Amino acid sequence: MHGTQKNLIRSRGFTLLEAVVSLLVLSIGMLGIGALFFDGLKSGRTAVYRTTAVYLAADMADRIRSNPAGGIAYADAGSDNVCQNVNNTCSAEQIAQEDKANWETEISEHLPPDADGTVTVDLGAGGATTIYTIDLSWPEAGFPEPLTYTLLVEL
């Protein structure tokens, strides 16, 4: 009977080596989960910026469609809000300048610093078709080149 009691005492609990090994396995698993969490946050931020770029490009496209007479002024427009707080009727070029200035403000508010938005205008042959190219680019951590989004609008 004395031998049976000795075997029962030895089979209780964990040894120090087993506890260390289980902590090592657990810590490796937690490091993997942490890395996945970090990648998920990074991907989520990139997705938000891409969605914002699509929204901003569509916003400029809508502005251009609502003021087709603005034409080339969307590409040449400066950052002056010449129509803002003016009681007089604005010309199509002034509306284009204001649209472009408001759009640039939205870019600086919703995309990372150093983001850039441009509009180029191709009048086409004979001026029958005008093609507007709306480009947005912004720097993104983890990417060697800035990310870009381009939208073509044909009127």
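Reader: Hi! Which residues does T46 touch, not counting those up to four places away in sequence?
Author: T46 touches E140, F143 and L147. A contact here means heavy atoms within 4.5 Å.

Reader: Thanks. What kind of model is this, and how are the residues numbered?
Author: This is a predicted model, where local features need pLDDT of at least 70 and side-chain atom pairs count only at pLDDT 80 or more, while totals for chains, interfaces and linings use all residues. Residues are numbered from 1 along each chain as its sequence is written, and side-chain values use heavy atoms, with hydrogens and water left out.

Reader: Back to T46, then. Where is its place, and is T46 buried or exposed?
Author: T46 is in helix α2. T46 counts as buried because its relative accessibility is 7%. The cut-offs for relative accessible area are under 20% for buried, over 50% for exposed and in between for partly exposed (1.4 Å probe, protein chains only).

Reader: How many helices and strands are there in the protein?
Author: There are four helices and three strands, and along the sequence they follow the pattern α-α-α-α-β-β-β. Both kinds are DSSP runs numbered from the N terminus: helices are H or I with at least four residues, strands are E with at least two.

Reader: How many residues does α2 have, and how far does α2 reach?
Author: α2 has 51 residues and reaches 75 Å from its first C-alpha to its last, close to the 75 Å expected. That expected span is 1.5 Å times one less than the number of residues.

Reader: What do the buried residues of α2 pack against?
Author: They pack against α3, α4, β1, β2 and β3 (147-154). The buried residues of α2 include T46, Y49, L56, D59 and R63.

Reader: And α4, which residues are buried there?
Author: In α4, the buried residues are A92, A96, D99, K100, A101, W103, E106 and I107. They pack against α2, α3, β1 (116-122) and β2. As for length, the 19 residues of α4 (residues 92-110) should span 27 Å, and the end C-alpha atoms are 27 Å apart, which agrees.

Reader: I spotted charged residues in there. What is the count of salt bridges?
Author: The count comes to five, a salt bridge being a side-chain nitrogen of Lys or Arg within 4 Å of a carboxyl oxygen of Asp or Glu.

Reader: Which residue forms a salt bridge with D99?
Author: R63 does, and the closest N and O atoms are 3.5 Å apart. D99 lies in helix α4 and R63 in helix α2, so this pair ties together parts that are 36 residues apart in sequence. D99 and R63 are both buried.

Reader: What about E106, which residue forms a salt bridge with it?
Author: R63 again, with the closest N and O atoms 3.3 Å apart. This pair links distant parts of the chain, R63 in helix α2 and E106 in helix α4, 43 residues apart. R63 and E106 are both buried. Through shared partners, salt bridges join D59, R63, D99 and E106 into one network.

Reader: Where do R65 and D62 lie?
Author: Both lie in helix α2, three residues apart, about one turn of the helix. R65 counts as partly exposed because its relative accessibility is 45%.

Reader: Switching to rings: how many aromatic pairs does a search of the whole structure find?
Author: The search finds one aromatic pair. The ring centres of Y74 and Y132 are 6.4 Å apart and the planes are at 90°, so the pair is edge-to-face. Y74 sits in helix α3 (residues 73-76) and Y132 in strand β2 (residues 131-138), 58 residues apart. Both tyrosines, Y74 and Y132, are buried. The rule pairs rings of Phe, Tyr and Trp (its six-membered ring) with centres within 6.5 Å; planes under 30 degrees apart count as stacked, over 60 as edge-to-face and the rest as tilted.

Reader: Last one: which residues form a nonpolar patch on the surface?
Author: L23, L26, M30 and I33 do, with about 440 Å² of accessible area together. Areas come from the Shrake-Rupley method with a 1.4 Å probe, and for residues only the protein chains shown count as cover. Patches are made of residues with over 30% relative accessible area and no salt bridge, joining like charges within 9 Å and nonpolar side chains (Val, Leu, Ile, Met, Phe, Trp, Tyr) within 5 Å. M30 lies in helix α2 (residues 16-66) and counts as exposed, at 52% relative accessibility.
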